[in-house]
Amino acid sequence: MNIHFHPCIWAVLAGFSLTACYKDIDLEKYRPEPTLVLNSILSPDTVVRVQIARTVFFTDHRETDTNIADAEIRMSVNGRFVETLRYDETSRMYLSDYRPWVGELISLEADSPLGHVSGQGIIPEAVAIESVRLTARTFDDPDQMYWTPDGVTYGKSYEVTYYITFTDPSEERNFYFIRIESGDGIAAETIHYSYDDVFLTQQGVIDGVTTDTGIYGNEGRTFTDDLFNGNRYTLKIVEKSPLYTDDSRPRKVILYSLSEAYYHYLTGIFNTDEESVNGNLVDFGLMEPSPHYSNITGGTGIVGGVQSQSFRVDLKSVLK
């Protein structure tokens, strides 16, 4: 016997079927114990600063204060105990009186009611920018369309190529970060990194495939000396943006030298979630921990080292 249901009956049955697919889940039973977070970015430009916090469960979106103010932080330099850091209420960090030197190994240990964590970092040698050469072209850009009393007017855009030259130390593998800032210290216009092999090679490792397109970013990019170890090298980076005649467009090119741990930490962030990034790299490590890399034992976070050298240019010299 064939049974035929009215379309309305099918709709009711489908509704019962969908309802049966829903189930309340008690997320609290998946809540892990909080983990200690230790962040410290080491630079000869400032005393050692340490941030101690704890992780939160993703449902605790209303909780903003994760700082821990009752930890004990001990610091050693090249294996020798130096001091116990003091907590500063204003910065909400643990501060030292010590400025690290190039090549020193800084070890940090923290004890709190949540447990024990430790990490260490080394200060890399700074590498100077020897020169920055600029070339440029301007062109009519159909994407720059303006309405005027006389009708539609098309504006111009520019493309500036930076040739950034420096010499890599030969003794060891070195790690870098390059950033181009505008005159007011914020990120420059759209930067294209796909013109240089050091970024193409790195992107292939990250993506698992070799690619030669789509490497953009405003905040900066990490790279290594794998292609030019111990040699003089010239990075090629391109900036593209609409052209405004009343903008002088000063630029500061900054070459950061990184410890290996800080390189891995920043690579995971800048190459996947650059929109969340801003500020100086010395301060950047004192923020939310990256889920991509940590060199902290017993918890998460980063102890990294950084130095920087900069070079100032003005795009007025090549934009006409």
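**Entry 1: a strand pair.** I began with F175, and found that its bridge partner in β16 is L258. Strands here are DSSP runs of E with at least two residues, and helices are runs of H or I with at least four, all numbered from the N terminus. β11 and β16 pair in the antiparallel sense over eight bridges; I count two strands as paired if DSSP finds at least two bridges between them.

A note on the ground rules: this is a predicted model, where local features need pLDDT of at least 70, side-chain atom pairs count only at pLDDT 80 or more, and totals for chains, interfaces and linings use all residues. Residues are numbered from 1 along each chain as its sequence is written, and side-chain values use heavy atoms, leaving out hydrogens and water.

**Entry 2: Q309.** I looked up Q309 next, and its place is in strand β17, residues 300–314. Opposite Q309 stands L255. Q309 is partly exposed, with a relative accessible area of 33%. Which residues does Q309 touch, not counting those up to four places away in sequence? I noted A126, V127, A128, I129, V253, I254 and L255, with contact meaning heavy atoms within 4.5 Å. I129 is 180 residues from Q309 in sequence, yet their C-alpha atoms are 6.6 Å apart.

**Entry 3: the core.** I turned to the largest nonpolar core, which has 29 residues; Y162, I178, F223 and L235 touch the most other members. Such a core is a set of buried Ala, Val, Leu, Ile, Met, Phe, Trp, Tyr and Cys residues joined through side-chain atoms within 4.5 Å. Among the elements that each supply at least two residues of this core are β9, α2 and β16. β10 gives the most, with five residues. Apart from this core I found another, of 21 residues, among them I68 and Y94.

**Entry 4: back to Y162.** Leaving aside neighbours within four places in sequence, I listed the contacts of Y162, including V132, I180, L235, V253 and V313.

Terms used: Buried means under 20% relative accessible area, exposed over 50%, partly exposed in between (1.4 Å probe, protein chains only).
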